Structures are given as C-alpha cells and as structure tokens.
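Trainee: Hi, I've just opened this one and I'm new to it. Could you walk me through it?
Mentor: Happy to, let's bring it up.
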Amino acid sequence: MLAACAVALCVLPIVGLAWRAPWSSLFTQLGRPGVRNALWLSLVCSSAATILSVAIGLPLAWTLARFEFRGRRLVRALAVLPMVLPPVVGGLALLTVFGRRGLIGQWLYDGFGVTIPYTLWAAILAEAFVAMPFFVVTAEAGLRSMDRRFEDAARTLGASRRTTFGRVTVPLVRPSLIAGGVLCWARALGEFGATITFAGDSPHTDTMPLQIFLTFQQDPGGALVLSLVLIAVSLAVLIALRGRWLGAQR
Amino acid sequence: MTIDDLPAGHTPRQPAAPDEHPPDGSFLACSGRRRLGRFELAVDYAVPAGTTLAVVGPNGAGKTTLLRIVAGLLPLDTGVVRFGDAVWDAPAERRWVAPEHRSVGFVFQDGMLFPHLSAGENVAFGLRCRGVRRARSAKVAREWLGRVGLAGRFDARVGELSGGQAQRVALARALASEPDVLLMDEPLSALDARVRGEMRSVLAEHLASHSGVRLLVTHDPTDARTLGDRILVLEEGRVCQQGTPETLAPTGYLSRLLDPGG
C-alpha cells in the first residue's frame, strides 16, 4: 500500500502534466525559435557537462576507491557536497569564484580578458558542478565492488598502472560508469537553480528548464507543454542509450 | 606517497652480495617481514632455478602474502627480495621494481581471467603489454592454448569455459611471457576431484619444462609431494620447516596434513 503511494507520488504529477497541457499549442510552442534554441542548448550543455564530469570525476572516483590517505573521507564529503547544496547557493558560490571580482574570475578577466559568468561556459560549469557528484558516487561504488585481483593479474602480466586502468579496470566497471554518466547527464539536463544564478537568462544560456520557468510567467499552458517536451527528450535519449550500450551486453 | 611513486623500472645492477648462492642470476631469494594489521609474515628462503617450492600451511598462515611479496603486489616492510643479482624490493635502500617490470607469472586460485576478453586474448594480454605485436602475440597465444590442451578455443568467451579449462587458460596466460618466476596460488583447489587429477598432470608437465623458479602454494599434501621438489611449511606467518618431501619431520601442521586421521 505504501509502495503504491510512492509510485503514485512519482507518476501522478506527470499524469497531471499530460492531462492539463494544451496539446493543440504543441506545434506553435515547438515553432518558437526560443524553444528550439533552448532544446538544443540543453542537449549541448548537459552533454558537455557530462563529458567534463567524466574527465575529471573518473580520476577522483579512482583515487577515492583505490587509495587510503589522510582526509579521504573529507575529500569525498566535499566532492558530493553539491548534491546536498541548494542549487541556487551553488550558483552563488560559483559566482564568488568565477565572477569578474571572484577568486579565479578576477585573474582570468585581468590576465586574459575572459569572462565566464552569463556565458555558455557558465551554463556548462554550473551543470557540471551540480551533476558531477552523481557520476563520482556511482563510479566509486563500481570501482570498490570490483575484485581488485583482476588488476593484480594485469600488473603481473606486465601492464603498467595506466594500462591496467584502461584495459582492465574501465572495461570491468563499464556498467557503473555508464550508469553514473546517465545519472549525471539527466541531472544536468534538468539543472535550473545554479544555471540561472551563475549563467543568467540570455540566448546563450537559456536551457529548457530556464525557458520553461520564463514561459510559465506569461503562459502557464505553454510551460506545461515545454515540460512534456523536456521529459520526452530525456526519456528518448535514455532509451536510445540503453538500447545501444546496456542492451549490447545482454 | 605510495610505493609506486618511487622510481619504477629495473634497478641498476650491482655486484651480487657474497652468500651461499651462485651469483649467476638463477635463484630467487626472499628474506624479510611484512605486517598486515595484527598479522606479520617473516620469511627467509631461497629457491634455485629449475626447482618447485611447495608452500604449505593452514589458512591464514600467510601463503598468499608470501606470493604477493615476490610478485610486487605487496612491498616488504624490511628485508630483500632478489632474483639473481637483480634486487626487486629492498626498502632499506629504497629500491623497488614494480610488478610489471618483474619477470613473474601469477596463477590465481580462481583463475582471474579477464571476463571481457576471450580465452586467447587473455593469454595474449601479457605479450601485448610487453610490446609484442598483435599478430605475433595471437600466434604465441594459440600455441600456448594448444600446449594446455585447448587448441582451437582462442575465441571462447571466459564464461563458456569450465573450471578446469579456465585454470588451464590461466596457466597458459602466466607462462606465455616466459617468466623467470612462476607463482601459483592454490591453482587446483577450486577444481572438483575429477578435473583436479587431470590438471595436476598438466601442471606437472609444464613445471618440468619451465626453466625458472616455481612457487606453489597449496594446502593439499598430494599436490605438495607430487609437484614440489622442496617444501616450505608456513604457520602463523613463520617458516616452521623447509626441506625435501623425504627429509621433513612430520611435526606440527605437517603431521596433521600428512595424517589427517591421527
């Protein structure tokens, strides 16, 4: 009975969304250049944020899973902090670092004339900040549960640390890496709070969640339709990935 | 800082220390200590080339730890591991040769074949890591599969192999790069009795044709007597006895091992 309540809590809002959405306006909404731009931006930013998260998150997950060192628990806690941090706070925090008067931003601006906030890069950075922990946590769990004697076997067969990682560790934990990447991507796709704070509202940073929020203020029906479009796109991508990577292993 | 941050690769050669062993690079010597939590392994032994040393002892005696130290999967706290005049591990001199630069082959208890590779790719793995080209390493891997009685199974998935077949592939994989030191950790104990006798004779045959040092960890007296030229008895991290099967005194663990009913 309680389990049914849980399912209802997850499913009912989506049913409500579909029920109340003015379906007739679907094509006019999709035709708006702002919407198409937002959809495209969302896909680009969340994919870029995922690539960034894997590139720097995998070495972190590996270090956390494979080495005993002082402060490891602290590093892990810090690495997953964005998961529990309100995204708006995350956005503000990013501004204090990358803003024109920020810790690094000032140096970037004075030295190279580079401004990060309110650009496409800010949107990517904000999404990666919020979504990377999902990848790190999943990847670390996968690395920990792997039998390390596979790595030992590779080392005795003449594989360096690097070769062992690429040829043995990564292939063996691939399901975890894919699951973590998908979680990370899905979280990045829906990111709103940090993005609007750090990247703001502009044609370069209006991802779907921002577009939905902006539309909602003038045209609540339109916002419902856009929400469904976002759900449909993310489901389509997840199913396509599943068919391609997870299905191939069965 | 981990041990792998120390300079890797072969350490420069140095004149062999004067001792009872011939300085011609044909023996493995290990003497030293390693602590793991509350357990401490303290050993001192040497094995000449062409000899199989069977390491026996009860569970938790440190048999696997002993092998891991020789393989370079675990550094010594104090002491020396040496093969011939190459020093593999000497913490006092900050010398360390990473496992991939030691000429060892390791056969694990349950094979540890890489499940994402085929049987043949598993055997070729070591050669590929050591820079042998794909075609050449595949050819050598096929030969080795033939030698362990698995000709034609190059493309077999690891999951399709029976326990005995998997262990033969593991043996072929360890031997394919022709290591100076072959380390075997209970290579027969995961097999059922019928396959076990068969695998024992495969093992005996390959041990006889291997010219280097062999270390065989086992808790089975038959394995120790039939495969070992010499036996080392390990109990609670200490060497109790060393000798040939004929000269060992049947005391302690060995007496229970040889005469389980008594």
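Trainee: What percentage of the residues in chain B is buried?
Mentor: Of the 262 residues in chain B, 42% are buried. Keep in mind that this is a predicted model.
Trainee: Okay! And how many helices and strands does chain B have?
Mentor: Chain B has seven helices and 11 strands. If you take its contacts between residues at least 6 apart in sequence, 67% of them join residues at least 24 apart.
Trainee: Which residues have the most contacts inside the largest nonpolar core?
Mentor: Those are V55(B), V70(B), L183(B) and L215(B), in a core of 79 residues. Helix α4 of chain B, residues 163-175, gives the most to this core, with seven residues.
Trainee: What does V70(B) touch?
Mentor: Leaving out residues up to four places away in sequence, V70(B) touches L28(B), C30(B), V81(B), V104(B), V181(B), L183(B) and L215(B).
Trainee: And which residues does the second core include?
Mentor: That separate core has 50 residues, including I116(A), F135(A), A139(A) and L230(A).
Trainee: Switching topic: how many residues does each chain bring to the contact?
Mentor: Chain A brings 16 residues and chain B brings 19. On the side of chain A that touches chain B, α9 (149-156) and α10 (161-172) each supply at least two residues.
Trainee: Which of the elements gives the largest share of that side of chain A?
Mentor: That's α9(A), with six residues.
Trainee: And how do the residues on that side divide by type?
Mentor: On the side of chain A that touches chain B, eight are nonpolar, four polar and four charged.

Conventions:
Residues numbered from 1 in each chain as written. Chains lettered and ligands numbered in written order. Predicted model: local features only at pLDDT ≥ 70, side-chain atom pairs only at ≥ 80, totals over all residues. Core = buried A, V, L, I, M, F, W, Y, C linked by C-beta atoms within 7 Å. Buried ≥ 20, exposed ≤ 12 C-beta atoms within 10 Å, placed from the backbone. Helix = DSSP H or I, 4+ residues; strand = E, 2+ residues; numbered from the N terminus. Contact = placed C-beta atoms within 7 Å. Nonpolar A, V, L, I, M, F, W, Y, C, P; charged D, E, K, R; others polar.
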